[in-house]
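Here is a briefing on a single protein chain. Look at the sequence and the model first, then read the points by topic.

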Amino acid sequence: MLIKICGITNEEDALLSVAMGATALGFVFAPSKRQVSVGKVSDIVKRLPPGVLTIGVFRDSDPKTVLRTVREAGLRGAQLHGRESVAQVDEVVAELGWVMKAVVAGDRKSTRLNSSHVSESRMPSS
């Protein structure tokens with residue numbers, strides 16, 4: 001079972017979340033009161049136990065920015081929460097192998113995303 005705690009902003013919360021059973025942690029790079037810097041996330045990720053799935057959360061960022069941030073922060077995946085096109089999602093999937101994509105229930109875009117690589121992708125195992 002995947003248990004993801006999102007909006008992690010410091011090492012103490014990250015380690016507590018993992019100790020309480022979280023298997024994945026989300027770090028927000030989109031404008032938010034929980035937005036964190038790449039450097040801070042990189043420092044936190046280095047201190048996590050092996051097997052924790054680390055995910056960057058983005059909104060309307062271009063794929064190159066998403067991929068650069070994921071690499072620089074040492075993350076294992078990306079969650080896209082904006083109005084990214086199928087082509088943009090596919091570009092991230094092509095590099096990372098998978099992506100979490102948030103869509104509004106019933107939105108036509110969710111149907112188009114189903115036909116993309118998103119539905120065929122596998123999340124990395126712990």
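Beyond its neighbours within four places in sequence, Gly77 is in contact with Thr54, Ile55, Gly56, Val70, Leu96 and Trp98. The model is predicted.

**Gly77 and strand 4**

- Gly77 sits in strand 4, residues 77-80.
- Its relative accessibility is 0%, so Gly77 counts as buried; the cut-off for buried is under 20%.
- Leu53 is 24 residues from Gly77 in sequence. In space, the two are 7.7 Å apart, C-alpha to C-alpha.

**Thr54 and strand 3**

- Thr54, one of the contacts of Gly77, belongs to strand 3, residues 53-58.
- Thr54 counts as buried because its relative accessibility is 2%.
- Leaving out residues up to four places away in sequence, Thr54 touches Leu25, Phe27, Val45 and Leu48, and also Gly74, Leu75, Arg76 and Gly77.

**Nonpolar cores**

- In soluble globular proteins, nonpolar side chains tend to be buried together.
- The largest nonpolar core holds 25 residues. Leu25, Phe27, Phe29, Val41 and Leu75 touch the most other members.
- At least two residues of this core come from each of helix 1 (11-19), strand 2 (24-28), helix 2, helix 3, strand 4 and helix 4 (86-96).
- Helix 3 gives the most to this core: four residues.
- Phe27 touches Ile8, Val36, Val41, Ile44, Val45, Thr54, Ile55, Gly56, Val57 and Leu75, with residues up to four places away in sequence not counted.

**Helix 2 against helix 3**

- Two packed helices are described by the angle between their axes and the distance between the axes.
- Helix 2 (residues 38-46) packs with helix 3 (residues 63-73) at an angle of about 40°. Their axes are 8 Å apart.
- Helix 2 and helix 3 are therefore oblique to each other; angles under 35 degrees would count as roughly parallel.
- On the helix 2 side, the contact residues are Val38, Val41, Ser42 and Val45. They meet Thr69, Glu72 and Ala73 in helix 3.
- The residues of this contact divide into four nonpolar, two polar and one charged.
- Val41 in this contact is also one of the residues that touch the most other members of the largest core.

**Asp60 in a loop**

- Asp60 lies in the loop between strand 3 and helix 3.
- Its phi is near 60°, a positive value in a residue other than glycine.
- Is Asp60 buried or partly exposed? At 48% relative accessibility, Asp60 counts as partly exposed.

**The whole chain**

- The protein chain has five helices and five strands.
- Along the sequence, the pattern is β-α-β-α-β-α-β-α-β-α.
- The chain has 126 residues, and buried residues make up 42% of them.
- Contacts between residues at least 6 apart in sequence can be split by separation: 52% join residues at least 24 apart.
- The chain exposes about 7100 Å². Carbon and sulfur atoms supply 51% of that area.

Notes: Residues are numbered from 1 along each chain as its sequence is written. This is a predicted model: local features need pLDDT of at least 70, side-chain atom pairs count only at pLDDT 80 or more; totals for chains, interfaces and linings use all residues. Side-chain values use heavy atoms; hydrogens and water are left out. Axes are lines fitted to C-alpha atoms, for helices over the stretch in contact, and angles run from 0 to 180 degrees between N-to-C directions. Angles under 35 degrees count as roughly parallel, over 145 as roughly antiparallel, 65 to 115 as roughly perpendicular and the rest as oblique. Contact means heavy atoms within 4.5 Å. Ala, Val, Leu, Ile, Met, Phe, Trp, Tyr, Cys and Pro count as nonpolar, Asp, Glu, Lys and Arg as charged, and the others, Gly among them, as polar. Buried means under 20% relative accessible area, exposed over 50%, partly exposed in between (1.4 Å probe, protein chains only). Accessible areas come from the Shrake-Rupley method with a 1.4 Å probe; for residues, only the protein chains shown count as cover. A nonpolar core is a set of buried Ala, Val, Leu, Ile, Met, Phe, Trp, Tyr and Cys residues joined through side-chain atoms within 4.5 Å.
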